[in-house]
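Student: Hey, can we go through this one together? I'd like to start with how helices get described, then move on to rings.

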Amino acid sequence: MVKETLNTLLKQQSERTIIQLVRYFFVGGAAFLVDFGSLFVLTDFFGLYYLVSAAIAFILGLIVNYGLSISWVFNNRTLENSTLEFGVFSLIGIVGLGLNEIFIWFFTAEIGFYYLISKMISAVIVLFWNFFARKFVLFR
């Protein structure tokens, strides 16, 4: 039973939203590690302003997220043109970037959280935006 469930969860193609959401948490986690690590390195080692670093790091995470999403999470594609698909995927990500910047600014500048704590809170909120927007716009 456990083996079958793990096989369904990890290997078999699935249209079930809950399976896709669980997979997206892993994909989002991988993209978050790239995003978060890049933010830290760009800000603390290269001295970039944290909002500039956050934008660059978010784009790197977006690229990782797209590759893993189309290869593992979503089976159905609304668009046949992969260039257009990546464009729409990126557009949803740009909205997510705007939300990311607003939430990081709000939690850092207004609430007084350390910028990496603000980033973690923002990442959780933006993950849900990205998943549901991509599922219902691109991968129905």
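This is a predicted model: local features need pLDDT of at least 70, side-chain atom pairs count only at pLDDT 80 or more; totals for chains, interfaces and linings use all residues.

Student: OK, so at what angle do H4 and helix H5 pack?

Tutor: At about 155°, with the axes 8 Å apart. That angle is over 145, so H4 and H5 are roughly antiparallel to each other. H4 covers residues 82-110, and H5 covers residues 115-137.

Student: And which crossing does H4 make as it passes H5?

Tutor: A right-handed one.

Student: Which residues in H4 and H5 meet?

Tutor: The H4 side includes Phe89, Gly93, Gly96, Asn100 and Ile104. Among those they meet in H5 are Lys119, Ser122, Trp129, Ala133 and Arg134.

Student: Let's take Lys119: buried or exposed?

Tutor: Buried. Its relative accessible area is 2%, and the cut-off for buried is under 20%.

Student: What is Lys119 in contact with, leaving aside neighbours within four places in sequence?

Tutor: Phe32, Asp35, Phe36, Leu39, Phe58, Asn100 and Ile104. Asn100 and Ile104 are on the H4 side that meets H5.

Student: Back to Arg134. Where does its charged end sit?

Tutor: Over the ring of Phe89, 3.7 Å from the ring's centre. Phe89 also belongs to a cluster linked by ring pairs, together with Tyr24, Tyr66, Phe74, Phe86, Phe131, Phe132, Phe136 and Phe139.

Student: Rings, then. How many aromatic pairs does the count come to?

Tutor: It comes to 19 aromatic pairs. One of them is Phe40 with Phe45, an edge-to-face pair at 5.7 Å centre to centre, with 85° between the planes.

Student: How accessible are Phe40 and Phe45?

Tutor: Phe40 is partly exposed at 32% relative accessibility, while Phe45 is exposed at 59%.

Student: Now the Tyr66 and Phe86 rings: why does that pair count as edge-to-face?

Tutor: Because their planes are at 75°, and the edge-to-face label needs over 60 degrees. The ring centres are 4.8 Å apart.

Student: Which helices does that pair link?

Tutor: Tyr66 is in helix H3, residues 50-73, and Phe86 is in helix H4. The two residues are 20 apart, so the pair links distant parts of the chain.

Student: And what accessibility do Tyr66 and Phe86 have?

Tutor: Tyr66 has 11% and counts as buried. Phe86 has 29% and counts as partly exposed.

Definitions and conventions. Residues are numbered from 1 along each chain as its sequence is written. Side-chain values use heavy atoms; hydrogens and water are left out. Rings of Phe, Tyr and Trp (its six-membered ring) pair if their centres lie within 6.5 Å; planes under 30 degrees apart count as stacked, over 60 as edge-to-face and the rest as tilted. Buried means under 20% relative accessible area, exposed over 50%, partly exposed in between (1.4 Å probe, protein chains only). Helices (H or I, at least four residues) and strands (E, at least two) are DSSP runs, numbered from the N terminus. A charge sits over a ring if NZ of Lys or CZ of Arg is within 6 Å of the ring centre and within 35 degrees of the ring normal. Axes are lines fitted to C-alpha atoms, for helices over the stretch in contact, and angles run from 0 to 180 degrees between N-to-C directions. Angles under 35 degrees count as roughly parallel, over 145 as roughly antiparallel, 65 to 115 as roughly perpendicular and the rest as oblique. A crossing is left-handed if the near helix is turned anticlockwise from the far one by less than a right angle, and right-handed if clockwise. Contact means heavy atoms within 4.5 Å.
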